[in-house]
Amino acid sequence: MRALFLLFIADLLLASEAIGIEGYIASSILFFLIVLLITINNNSVENKSQKLIRTSNKSLAKLNLRFFQNRVENGDIIERLELFFKVLHSKSSQNQNSIIFSYPPKEARYFSANFKAITNATHNILSFVNKSVNNSSILLSIKPTKNPNKYQVLIKTSAHMNSNEIKKALENKNKNINYKFLSIASNYVELIGSKIEFNIKANNSIFSFNIIMH
């Protein structure tokens, strides 16, 4: 802009000597319009870039909050899980699966915990299992352990599943998009300091991980 301004001053000085007043005014107006168009175009490109950068940063912020912030809240574990079950039940019927939720009736329901990580990890594992099996029962249970405030989340299905591919997905080493639910679940569980275990026993395939709820 500084260079254009100096060029404009030089143009004024030369034009005043070389041409008449009418030609001087016309050339000055034309030059001014050219400078104005260049300035508007440069500002438009700059603003567009800034907007793109801000949008990108905002998206990254949402991603960081979703996967990496360990936020503890007070709430009802049953109520939190029920939000996902409304979606899962409609999806399970498409594959003729049945999803069963087991929770000890005498166990406390109100806790202080990272519900966002717990419920999202559980939902993603259930979504993967439901998508991978047909005509099967899928059991979700949450049981207390011998350690105070520690509970075990267990998801079991009567179908046999591919152990090698699943374990690679839980380690974020499986690039197959069909296993993306497990990779996402693994990120959530790592966030709360735990790890998803996968085992095959008899005719059951079992996912499990521990959670802390006060």
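Predicted model: local features only at pLDDT ≥ 70, side-chain atom pairs only at ≥ 80, totals over all residues.
Colleague: Is S194 buried or exposed?
Modeller: S194 counts as buried because its relative accessibility is 17%, and the cut-off for buried is under 20%.

Colleague: What does S194 touch, leaving aside neighbours within four places in sequence?
Modeller: With those left out, S194 is in contact with V189, F209 and N210.

Colleague: And which backbone atom lies 3.0 Å from a polar atom of the S194 side chain?
Modeller: The backbone oxygen of N210.

Colleague: Back to α6. How do the axes of α5 and α6 cross?
Modeller: Helix α5 covers residues 163–170, and its axis comes within 8 Å of the α6 axis, with a crossing at roughly 45°. The two helices are therefore oblique to each other. The crossing of α5 past α6 is right-handed.

Colleague: Which residues make the contact?
Modeller: From α5, I166, A169 and L170; from α6, L182, S183 and S186.

Colleague: How does that split by class?
Modeller: The contact of α5 with α6 has four nonpolar residues, two polar ones and no charged ones.

Colleague: What about S163, where is that?
Modeller: S163 belongs to helix α5. S163 counts as partly exposed because its relative accessibility is 21%.

Colleague: What does S163 touch, not counting residues up to four places away in sequence?
Modeller: On that basis S163 touches F198 and I200. There is also a C-alpha separation of 8.7 Å between S163 and S205, which are 42 residues apart along the chain.

Colleague: Change of topic. Which strand holds I155?
Modeller: Strand β5, residues 150–157.

Colleague: Buried or exposed, and why?
Modeller: I155 is buried, because its relative accessible area is 1%.

Colleague: What is I155 in contact with, again leaving aside neighbours within four places in sequence?
Modeller: The list for I155 is T122, I125, L126, V129, I138, L139, L140, S205, I206 and F207.

Colleague: And how are I155 and F198 placed?
Modeller: I155 and F198 are 43 residues apart along the chain, and their C-alpha atoms are separated by 9.6 Å.

Methods. Residues numbered from 1 in each chain as written. Heavy atoms only, no water. Buried < 20%, exposed > 50% of the residue type's maximum accessible area, 1.4 Å probe, protein only. Polar contact = N/O pair within 3.5 Å; in protein donor to acceptor, adjacent residues only side chain to side chain. Contact = heavy atoms within 4.5 Å. Axes fitted to C-alpha atoms, helices over the stretch in contact; angles between N-to-C directions. Helix = DSSP H or I, 4+ residues; strand = E, 2+ residues; numbered from the N terminus. Parallel < 35°, antiparallel > 145°, perpendicular 65-115°, else oblique. Left-handed = near helix turned anticlockwise from the far one by under 90°. Nonpolar A, V, L, I, M, F, W, Y, C, P; charged D, E, K, R; others polar.
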